[in-house]
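Open the model in your viewer and keep the sequence panel beside it. The stops below say what to select next and what is there.

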Amino acid sequence: MLQFPIKAKDGRDFLLRPLNQQDAFALGAFFVALSDATRSRFGPHPLTNEYAQHLCGALASDSAKRWIICDDSLVVGYFIFEQQILEPEYQRFYGQGVSLQAGLDVILAPCIADDYQNAGLAMAAMQALMAEFKRQGARSLVLMGGTQQSNHRARHFYQRCGFDEYGGFQTEVYNIDMRLIL
């Protein structure tokens, strides 16, 4: 199985690996423990124990690749990499002169547990995953639903990773589309 050892800033060791069927309980605990603030910034699907069971049971038929950062049985990070182009992303980027293509442009939705934010795990994971998706032939990563304009910390993080801003759009809040050329 493909996996990457990663280190937090404090030197603690973690493992970045694909989600598997045995992760349902730990993923559910990760979802349930997320703060309201984190939940308000990450919402591609329900963040419940039940949905974790569903995700882990349906991995074989899922078009997305899902990765976790774990410390033994504790999930501290969760990443969705959707291979299919979602219509809202396609339309918004097309309006910016970018034609996204399935298989070449991968839609990304990352989330780190509250107690592990700012620990260096997201950067370590992103570096490993960017290299892996580039090796697999992807040409870019696109943030699913962009990032909230008010989330300056996230925007700065993505810019440090190499993402560029591509304009914005309004939902309940104003969001900025971001894309990284691999």
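## Stop 1: strand E4

Select Val-76: its relative accessible area is 1%, so the residue is buried (buried means under 20% relative accessible area, exposed over 50%, partly exposed in between, with a 1.4 Å probe and protein chains only). This is a predicted model, in which local features need pLDDT of at least 70 and side-chain atom pairs count only at pLDDT 80 or more, while totals for chains, interfaces and linings use all residues. Residues are numbered from 1 along each chain as its sequence is written, and side-chain values use heavy atoms, with hydrogens and water left out.

Val-76 belongs to strand E4; helices (H or I, at least four residues) and strands (E, at least two) are DSSP runs, numbered from the N terminus. Show what surrounds Val-76. Leaving aside neighbours within four places in sequence, Val-76 is in contact with Phe-14, Phe-30, Ile-69, Cys-111, Ile-112, Ala-113, Tyr-116 and Leu-121, where contact means heavy atoms within 4.5 Å. Then draw a C-alpha to C-alpha distance from Val-76 to Asp-13: it spans 12 Å in space, and the two are 63 residues apart in sequence.

Move along to Phe-79, which is also in strand E4. Phe-79 has a relative accessible area of 1% and is buried. Not counting residues up to four places away in sequence, Phe-79 touches a list of residues including Trp-67, Ile-69, Leu-108, Pro-110, Met-126 and Leu-129. Its C-alpha lies 9.8 Å from that of Ala-64, and 15 residues separate them in sequence.

## Stop 2

Select helix H1, residues 24–33. Which residues of H1 are buried? They are Ala-24, Ala-26, Leu-27, Gly-28, Phe-30 and Phe-31. These buried residues pack against H2, H3, E4 and E5.

Next select Thr-38 in helix H2. With a relative accessible area of 10%, Thr-38 is buried. Not counting residues up to four places away in sequence, it touches Cys-111, Ile-112, Asp-114 and Gln-117.

## Stop 3: aromatic rings

The structure holds 12 aromatic pairs. Rings of Phe, Tyr and Trp (its six-membered ring) pair if their centres lie within 6.5 Å; planes under 30 degrees apart count as stacked, over 60 as edge-to-face and the rest as tilted.

Show Phe-30 and Phe-31. Their ring centres are 6.0 Å apart with the planes at 50 degrees, so this pair is tilted. Now show Phe-42 and Tyr-78, whose ring centres are 6.0 Å apart with the planes at 80 degrees, so this pair is edge-to-face. The pair links distant parts of the chain, 36 residues apart: Phe-42 is in the loop between helix H2 (36–41) and helix H3 (49–57), and Tyr-78 is in strand E4 (residues 74–82). Phe-42 and Tyr-78 are both buried. Select Phe-30, Phe-31, Phe-42 and Tyr-78 together to see one aromatic cluster.

## Stop 4

Select Arg-92. Its charged end sits over the ring of Phe-169, 3.8 Å from the ring centre; a charge sits over a ring if NZ of Lys or CZ of Arg is within 6 Å of the ring centre and within 35 degrees of the ring normal.

The side chains of Asp-177 and Arg-92 make a polar contact at 2.8 Å. A polar contact is a pair of N or O atoms within 3.5 Å; within protein, one must be able to donate a hydrogen and the other to accept it, and residues adjacent in sequence count only if both atoms are side-chain atoms.

## Stop 5: two loop residues

Select Asp-72, in the loop between strand E3 (64–71) and E4. Phi of Asp-72 is near 60 degrees, a positive value in a residue other than glycine. Most residues other than glycine have a negative phi. Asp-72 is exposed, with a relative accessible area of 72%.

Go on to Asn-118, in the loop between E5 and H5. Asn-118 is not a glycine, yet its phi is positive, about 70 degrees. At 53% relative accessibility, Asn-118 counts as exposed.
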